[in-house]
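User: I would like to learn how to read cavities, a sheet and a helix contact in a model. Please take them one at a time, starting with a cavity lining.

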Amino acid sequence: MMTQYLALKAEAGDCLLFYRMGDFFELFFEDAKLAAQVLDIALTSRGEHLGVPIPMCGVPVHSAEGYLARLIKAGCRVAIAEQVETPEEAKKRGGSKALVARDIVRFVTAGTLTEEALLEPRRANVLAAVCEVRGTCAIAACDISTGRMELEECPPERLGAALARLGASELVAPEGWDDAPAEAFPRPSRDFASEAGEARLKAVHGVATLDGFGQFSRALLAAAGGLIAYLDHAGRGKLPLLLPPVIVGASAHLAMDEATRASLEILVSSQGGRKGSLVEAVDRCVTGAGARQLAEDLAAPLTDRAAIEERLALVAWLHGDALLRGDLRAVLRAAPDVGRALGRIVAGRGSPRDLGQLRDGLSEARRIHDHLLHRADRPALLDRLLPSLSGHGALVDHLTRALVPSPPTERGQGGYIAEGYDAALDELRRISGDARRAIAALEAKYRDQTGIAALKVRHNGVLGYFIEVPAGRADALMMPDSGFTHRQTMAGAVRFNALALHEEASRIAEAGGHALAAEEAHFEEMIALAIAARQSIAATAAALARIDVAAGLAERAAEGGWCPPQVVDEPCLAITGGRHPVVEAALAAKGERFVANDCTLLPDDRLWLVGGPNMGGKSTFLRQNALIVLLAQAGSFVPAEAARVGLVDRLFSRVGASDNLARGRSTFMVEMVETAAILAQASERSFVILDEVGRGTSTYDGLALAWAVVEAVHGVNRCRCLFATHYHELARLADSCEALSLHHVRAREWKGDLVLLHEVAEGPADRSYGLAVAKLAGVPAPVVARAKAVLERLEKGRAETGGLAAGLGDLPLFAAAAEARADLVDTLRERLKGLDVDALSPREALDLLYDLKREAGAEG
């Protein structure tokens, strides 16, 4: 057995091997040690290998899903080795001592889950493959629980943002690729050959050409090939549901890098869970599919104004009719998760319950279709969705006739085919039922015959049906002429068989076996029908999810008094009474009110410098405007009285950096890396929020960096920007930057206490109120008093010297300074290019070096 195990373990590689032994999956050696630690189960030993006891642990097969979920969550990968023949077949093949053959039937990894118990209902489970071909990166991503597959191309510098948008549970990349993402699992590079990828796509979808799906570059084909090859490996030749791939344009979505997503807490809060995130504050969907679609919408807002307005129109239509919205949500709430049920069926892991979910979900979809079909003034998006909600009448009718109302999860015991669907099956069930009644009659007969009132007819998996009597009354049945045959002696009972009982048991077994075979045949027939209609069923699931998202957003808007945003092409942002959805919800839970604020960024006033005390609401103000832009472009109403949003191509947020010790970066280094990305990538159509740039280093260094960053954002990137700072000296930039204006969050001191008003007002901040905030935080009074004395001395020195920013007003602006520096470098470069170095004597070379140094010193 251990030889067989070791061979399978070598095939499993770095995966934990679940080795099937009877009713348990066993793990050995290092696998057992790791699994025992993660699962908190007993670690034992079995025999020896090379003279050393073999560590061992196991989990029951019937509850393996729960253990698998914990292992996957802990970052493990698991290979499932099942028995692929029965003990009888093994004996026939190799004699009485033959070992039952086993083989790895499936690899279970984070991105290849389909089981309901292993998946989060409200979160997509994305598997992605990434590669690079001739300087272009490509991503192939799919959620195999629903079959959706997307392909995307991007330049290498934008790969991080694209992967951050997908939020894949598992990522694979070709081995040997130096620039592969650190979290990617390496796969053979041959899997990422574009020719093989094209062939795999054609084979999966049964087509001779891919032209009907779009135009595929070599990079896209390579990524798709790598994804499909990995799925084929994980499923051991059994591919899951894969719908025709959708090519996503690089500019189709609002681009956000990983730092921005973390800062805005879109899908995950800073505490690491859903609670406190934007999606939790917005989500009012009543189905898991709708919640997953909403999360995808928030993770990938649109940049196409027409598509955004289509979504907004559907939300507005449902927002305007509360009764229709309530009826629709009630029906959706009762609908099962059709997409994931279909995914399990196509992957070969479907159950009668999954077929029942298809039946019920498609039936509810038809109800919604009929209810909405006759409504007036339907939005264009709804008109496009309606046809996908119908067309399954024949399949629904078939499943309704064939299945019982509540089919079981397991099909091994039968009982899921409805009575009246198959007359022959009904007859087999009648025979089996009659035999069971006959056994009950036999029990009564044997009691009368023997006079043993405690006599029972029982059943187990080893003996089948048998007669059991107390040990003290068994002697009479042991007599040769009793008509009973001894089978087994227990501690307090003795078991017997009888000819009549054996005959009835045979009838039950025969009829039951034929009945199970008949049900299995019907099951396979229904599975084939569902697989044949997989694309149209998936379209129905997608339509239901989109309607649920729109209805949920309408419900959220009605609940919170949100307004429909006006999305325009001009680079502007005009928010009246804007609010932060997450903070507002948290305050409402405590019975407190959120202070709304306006924000108006226009071409001639596109950069706001926001000052004021800590705790005054600067960061909240910055984030709420970024989230309003995100919500608007996702097709949602927004938390404001009115909103006019100019389309944004890239959204950047550098708010609240923390250190990254794993990558050797301090807080200040992280801040500078994120700031560098903004300055390198932000365009005139981007929206940037920057908070406290320059903190974490010396005051002079920090002010210098903040000054230069503001000038660069204003004069070079020329994007809409909210810049929060404590450097009062930056207010001088209002004199030289024509599109920069000064604002502050209001605060007042009242009888020695600081009162934070959380209102954004025009003009520079008069003070930082740092000492007042320290007092509010509970810093001891002597420390605050000493700080006040030091502050007075510092302010006196600043007044005498002209302040920290003395002389900065005489500097040329960023663009002019950068141009002058570039001109200087070019002059020296031109002189050096014209030299014939080999022709210079040592003396001439030395004189030239002095000359160049003088020139550099004079001009620098």
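Analyst: By class, the largest cavity is lined by 5 nonpolar, 2 polar and 2 charged residues. Here Ala, Val, Leu, Ile, Met, Phe, Trp, Tyr, Cys and Pro count as nonpolar, Asp, Glu, Lys and Arg as charged, and the others, Gly among them, as polar. The model is predicted: local features need pLDDT of at least 70 and side-chain atom pairs pLDDT 80 or more, while totals for chains, interfaces and linings use all residues. Residues are numbered from 1 along each chain as its sequence is written, and side-chain values use heavy atoms, without hydrogens and water.

User: How many cavities of 30 Å³ or more does the structure hold?

Analyst: Rolling a probe the size of a water molecule over the atoms shows where empty space is left. A cavity is a set of points, on a 1 Å grid over the protein atoms alone, where a 1.4 Å probe fits but cannot get out; lining residues have an atom within 4 Å of a point. Points are joined across faces, edges and corners, and a volume is the space filled by probe spheres set on them. The structure holds 3 such cavities of 30 Å³ or more. The largest has a volume of about 60 Å³, and its lining includes Thr 112, Leu 231, Lys 238 and Arg 349.

User: Which element gives the most to the lining of the second largest cavity?

Analyst: That is α20, with 4 residues. Helices (H or I, at least four residues) and strands (E, at least two) are DSSP runs, numbered from the N terminus. The second largest cavity has a volume of about 50 Å³, and Asp 297, Arg 311 and Arg 546 are among its lining residues.

User: What is the strand order in the open sheet of 4 strands?

Analyst: Strands of a sheet pair through backbone hydrogen bonds, either parallel or antiparallel. Two strands pair if DSSP finds at least two bridges between them. The order is β17-β21-β18-β19, with mixed pairing. β17 pairs with β21 (residues 642–646) in the parallel sense over 3 bridges, and Gln 566 stands opposite Arg 644 in β21.

User: At what angle do the axes of α13 and α19 cross?

Analyst: Axes are lines fitted to C-alpha atoms, for helices over the stretch in contact, and angles run from 0 to 180 degrees between N-to-C directions. Helices α13 (residues 338–346) and α19 (residues 499–532) have axes that come within 10 Å and cross at roughly 115°. In the contact (heavy atoms within 4.5 Å), Leu 342, Ile 345 and Val 346 of α13 meet Ile 527, Ala 530 and Ile 531 of α19. These residues divide into 6 nonpolar, no polar and no charged.

Technical notes. On a 1 Å grid over the protein atoms alone, a cavity is a set of points where a 1.4 Å probe fits but cannot get out, and a pocket is an open set with protein on both sides within 12 Å along at least five of seven lines; lining residues have an atom within 4 Å of a point.
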